[in-house]
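Open the model in your viewer and keep the selection tool ready. We will go stop by stop.

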Amino acid sequence: MNELKDKDLREALSRREARRTKPEVPADFCNNIMQETAPKHQRPMIWRWMAAAAFVLVLIGVGTTMIEKEETAPVMTPQRHQESAPEMAQQINQEPASEMAQQINQELASVIKKSAPVNPSKPQDKVVSQATATVQAPRQGTASMQSQNLHYASMQDTTYQDPARVDEFIAKLAHYNEVEAVALDCDHSDSTIVSKAYVFEDSKELDLFARLLQVACWYDSKTPGYLLNFSHQQFFFTLKDLHRGQKYLWMAERIGGGRILLQSTRSTLNVVPSPACYQNFREKLTVPGNINHQNI
Amino acid sequence: MSEIISIDVRTQSERQRIGRILDGKREEYAWFVNTYSQQVLDFTSRMIPDAEDAREVAQDAFVKAFRSLASFEFHSSFCTWVCRIAYNESLNRLRRQQRHFVDIADIPAEELDEELSTGREERITLMEEAIDDLPPDERMLLHLYYYEDRPLREIAYIMDAETNALATRLHRIRKKLLQMIKQKENE
């Protein structure tokens, strides 16, 4: 019994309760609620699709005008690259590569597959092909938006977003950009932690930070474990799935050399994943003289 | 002990059901409505005198709970959580109603304890009348504390208030009740 006795008060409340007739639950009570909670498909779907279509049209419009500007403006970017290319090539050849750096380069070469349509043999050709690739990229990007539905929010018409869908989105994005996921296996004994790293190109066409932010915005800030923090340099996002007992962490960072390192970690709620693996992997990528610095 | 275990098992099964609802099995929610509708309706009808309004508020509380199911963090049972929503909904509905103000005199705690535990028949009858005159939220606080014997921290969760503030409020309501009874005695 609660601390306050107040016998008169308790007695009065008991008598009131005895006199009181309990309300009856109407027969249609449950049906009404289930009808109210039924997803309303028609109108929201139409508006959603119209908004998506308008967004795609705006993107195409902006992309086209930008391409036209680049083509008509007397920008000498490719030529400038060509002129400076021999000097760069000389620099690359002159730099002494240590054995360790070479080892790391070999490991990372298998990790990071860049989407280069031409496989140039000379460093000079590499620079030229990259310069032309930047002009072609927006067209490819627009086509991909239409063919592959990267914007996962349009997939399902529910208010609840499954946190695992961020991983699905990242996997699709990586697949399209030919970026391989590297499994970071720090906690060997703990199979409940799944950690992956991706190295994306930090390009305007891909605009990874903007895409990640867009994904984060589809989650209600009341979602359990919701924590979003970002700057120009870093992106940090966490969520929890209390029903599956999982927590998620996504961390992206501009690591220089025109690259963004993205880490995705999923673990059970009570586990604290070790950051050591990520740090090691990051250090490997930022070693001076690394071939990946030179390639991009 | 067995009660604690049965509550724990029920919470586990509720957790699983909610998981399935969030995975798209919306029809599972009917189980929650059927299990707790009587309790929630009983709760809202204490706050709202009109039966139709009370039914609507209970219904709204269930709908609101369904829409916020993903944010439910199991700090309480599902039923307590819906009662919390129902309480806020009821207050919103009653917002326009006028409150009954009573001038509260300063009464020492010991005197108050004695005055509210006389055991006299006429006092209990007057107390019943005084309770009827209280605003619904104050009546609900008395009901949860004295009749249902819920701990203050649980009532604080339902009423979305601090435990200390609630204790102070309870003390004020007791003083107010005594004042109202004394007024009735003098009439």
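A residue counts as buried if 20 or more other C-beta atoms lie within 10 Å of its own, exposed if 12 or fewer, and partly exposed in between, with C-beta atoms placed from the backbone. This is a predicted model, where local features need pLDDT of at least 70 and side-chain atom pairs pLDDT 80 or more, while totals for chains, interfaces and linings use all residues. Residues are numbered from 1 along each chain as its sequence is written, and chains are lettered from A and ligands numbered from 1 in the order written.

Select helix 2 of chain B, residues 29-47. Helices are DSSP runs of H or I, at least four residues, numbered from the N terminus. Its buried residues include Phe32(B), Val40(B) and Met47(B). Now centre on Tyr36(B): a kink of about 55 degrees sits there. The bend is the angle between axes fitted to the seven residues ending at a residue and the seven starting there.

Next, the largest nonpolar core, with 55 residues. Such a core is a set of buried Ala, Val, Leu, Ile, Met, Phe, Trp, Tyr and Cys residues joined through C-beta atoms within 7 Å. Helix 2 of chain B gives its largest share, 8 residues.

Pick Met127(B), among the residues with the most contacts inside this core. Leaving out residues up to four places away in sequence, Met127(B) touches Asp8(A), Leu9(A), Ala12(A), Leu177(B) and Ile181(B). Contact means C-beta atoms, placed from the backbone, within 7 Å.

Finally, show both chains. 33 residues of chain A are in contact with 41 of chain B. On the chain A side, helix 1 gives the largest share, 11 residues.

Notes: Helix = DSSP H or I, 4+ residues; strand = E, 2+ residues; numbered from the N terminus. Contact = placed C-beta atoms within 7 Å.
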